[in-house]
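I opened this notebook to record what I looked up in one structure, entry by entry.

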Amino acid sequence: MRLHAVLVASLLAAGCSPGEAPAGPRPTAKRTEGSADETKTADDSTSGACRIERVATLARTLEETEPRARAQRVALELGKACTLPSFATLKLAVATGFAGGGEQAPPRPDPSEWKQAYERACPGSHEVVTSIAHSEQEGRAAKLFDGCNFGRYDIVEREVFAARASASPLPFILFQWLVDQGVEGDAARTIARALELLDRRHRSAVRRDAGIEVPRVSTTLDPVPRWSKVEVSMDALRVGTENLARLDQGRLAPSEVTDHRIGRMHAALGSMNNRPDDVGLTLIVDGRVPFVTLADVLHTVAEAGLERVGVVAETGVYQYAMAPLRVVRAGERRSETPTVTVEIDDRGFMLTAAESPEAAPVRTEDHAAASLIAKLDAHRDALSASPRVTIVPRDEITTEALVQALVALRPVLCAGDECSIPDVELGRGWLP
């Protein structure tokens with residue numbers, strides 16, 4: 001951990017600033033002996049600190065590897081193809097839990113080595129990092145990307161990079177470093193893209209090694225907020241770093257719940273003192289967990305006084321977003337009649353539009369978001385600009401089905417940049 005702190009300190013000590021964007025990642029500082037332009041053809045020789053053919057082989061292997069597995073592979077293999085700078089060695093060792101690194105810990109990073117490499121990828125680096133350090137946390141990744149003109153490297157889209165609460169310049173720095181060692185640009189870019197996936201995994205909202213398979217969606221949702229997290233896998237419930245309950249196939253033992261309140265979870269949430277009024281809770285829930293379990297979790301959250309809740313969904317490889325919802329507990333009724341009610345059972349969705357009383361409820365025969373969207377389109381003209389939507393899940397449906405409904409309702413809930421939050425009624429989830 002001390003070594004990791006040294007690396008973090010050296011990251012903050014250096015920075016980057018915009019310059020005139022070159023057509024490609026070309027040298028902007030004095031070149032060292034053995035360096036080469038990115039157009040250099042790879043061969044069997046050793047150039048600089050890298051064995052060129054081995055780097056090219058790694059790049060080809062990464063291209064053939066499933067995207068999610070590329071992060072771990074590049075972390076394990078890059079150090080075998082190149083003698084890496086100490087800051088990169090430490091980063092990869094931390095990312096792999098020191099796997100494959102022998103018994104000795106990696107060397108302590110040399111701050112001057114890091115600063116020189118950072119400046120190489122981003123001329124005038126000190127000014128931008130100084131500016132970022134004095135700015136608000138939100139938007140720092142975008143400022144880093146723009147200030148260093150990282151778009152010229154064609155490694156990751158700006159929107160993807162900027163969406164994170166924090167992000168590392170390491171993929172861009174190592175791209176430039178590889179090119180300077182004589183590695184061909186395409187191979188260096190493939191490796192840098194895998195390193196960018198590694199950074200996403202390291203900073204992601206979901207710990208994939210916890211075994212949680214969150215629902216996958218292909219849409220734009222809200223960013224994951226920096227709230228406290230509740231994690232529900234198929235075999236455990238956690239709040240923060242504390243294991244609070246064991247689950248069997250996603251179900252809580254009856255001894256864990258009293259009147260739909262999970263006792264240890266309620267106590268843990270209640271111990272969060274001095275919360276600002278706008279704080280909510282992020283739910284990272286395995287998509288296979290039945291709603292009857294999620295209903296108890298949501299009821300406990302509401303009992304603890306937290307009304308702002310969001311369920312995390314996966315929108316890309318190591319990319320996550322939040323589908324917001326509002327909890328309506330058993331027996332509680334809103335003062336306003338919902339515009340749209342969507343019931344979810346084991347067969348599919350049942351849609352009722354209150355503003356079209358002459359129309360019978362419409363059913364889908366599956367839980368696909370596309371099916372619900374198609375049914376909603378038939379009512380779109382009758383809906384108000386800001387409809388009130390209530391979702392009524394039954395206990396046997398999964399978290400996956402609930403999230404798909406939230407996603408399908410997104411176009412109905414959003415008018416311009418503003419989106420209303422759907423109510424999720426818990427009472428039906430406990431009915432047989």
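Entry 1: I began with D146 and R158, whose side chains meet in a salt bridge with N to O at 2.7 Å. I counted a salt bridge where a side-chain nitrogen of Lys or Arg is within 4 Å of a carboxyl oxygen of Asp or Glu. D146 belongs to helix α7 and R158 to helix α8, so the pair links distant parts of the chain, 12 residues apart. Helices here are DSSP runs of H or I with at least four residues, and strands are runs of E with at least two, numbered from the N terminus. I noted D146 as partly exposed, at a relative accessible area of 39%, and R158 as partly exposed too, at 33%. For these words I used relative accessible area: buried is under 20%, exposed is over 50%, and partly exposed is in between, with a 1.4 Å probe and protein chains only.

**Entry 2: how to read the model.** The model is predicted, and local features need pLDDT of at least 70, side-chain atom pairs count only at pLDDT 80 or more, while totals for chains, interfaces and linings use all residues. Residues are numbered from 1 along each chain as its sequence is written, and side-chain values use heavy atoms, with hydrogens and water left out.

**Entry 3: further salt bridges.** How many salt bridges does the rule give? The count comes to 22. Side chains of opposite charge can pair when their charged atoms come close.

I looked up D186 and R189 next, which meet in a salt bridge at 3.5 Å, N to O. Both lie in helix α10 (residues 185-203), and because they are 3 residues apart, about one helical turn separates them. D186 counts as partly exposed at 49% relative accessibility, whereas R189 is buried at 12%.

I then turned to R326, which forms a salt bridge with D423, the closest N and O atoms being 2.9 Å apart. R326 is in strand β11 (residues 319-328) and D423 in strand β18 (residues 423-425), so this pair ties together parts 97 residues apart in sequence. Is D423 buried or exposed? D423 is buried, with a relative accessible area of 9%, while R326 is partly exposed at 30%. I also recorded one network, in which salt bridges that share partners join K91, R164, E196, D199, R200 and R203.

**Entry 4: disulfides.** A disulfide is a covalent bond between the sulfur atoms of two cysteines. In my search, a pair of cysteine sulfur atoms within 2.5 Å counted as one, and the whole structure holds 3 disulfides.

One of them joins C50 to C82, with S to S at 2.0 Å. C50 is in strand β2 (residues 50-51) and C82 in the loop between α3 (67-81) and α4 (86-95), 32 residues apart. The torsion about the S-S bond is about 110°, so this disulfide is right-handed. C50 is buried at 1% relative accessibility, and C82 is buried at 3%.

C122 and C148 form another, with sulfur atoms 2.5 Å apart. C122 lies in the loop between α5 (111-121) and α6 (125-133), and C148 in the loop between α7 (140-147) and α8 (158-162), so the link ties together parts 26 residues apart in sequence. With -85° about the S-S bond, the link of C122 and C148 is left-handed. C122 is buried at 0%, and C148 is buried at 2%.

C414 is joined to C419, S to S 1.9 Å. Their link is right-handed, with 105° about the S-S bond. C419 is partly exposed at 30%.

**Entry 5: nonpolar cores.** In soluble globular proteins, nonpolar side chains tend to be buried together. I took a nonpolar core to be a set of buried Ala, Val, Leu, Ile, Met, Phe, Trp, Tyr and Cys residues joined through side-chain atoms within 4.5 Å. Which residues have the most contacts inside the largest nonpolar core? They are L78 and I191, in a core of 60 residues. Apart from this core lies another, of 59 residues, among them A323, V342, L351 and V389.

**Entry 6: helix α12.** Of the 13 residues of α12, 12 are buried, so I noted the helix as mostly covered. The buried residues include F291, D296, H299 and A302. Just after α12, G305 takes a positive phi of about 90°.
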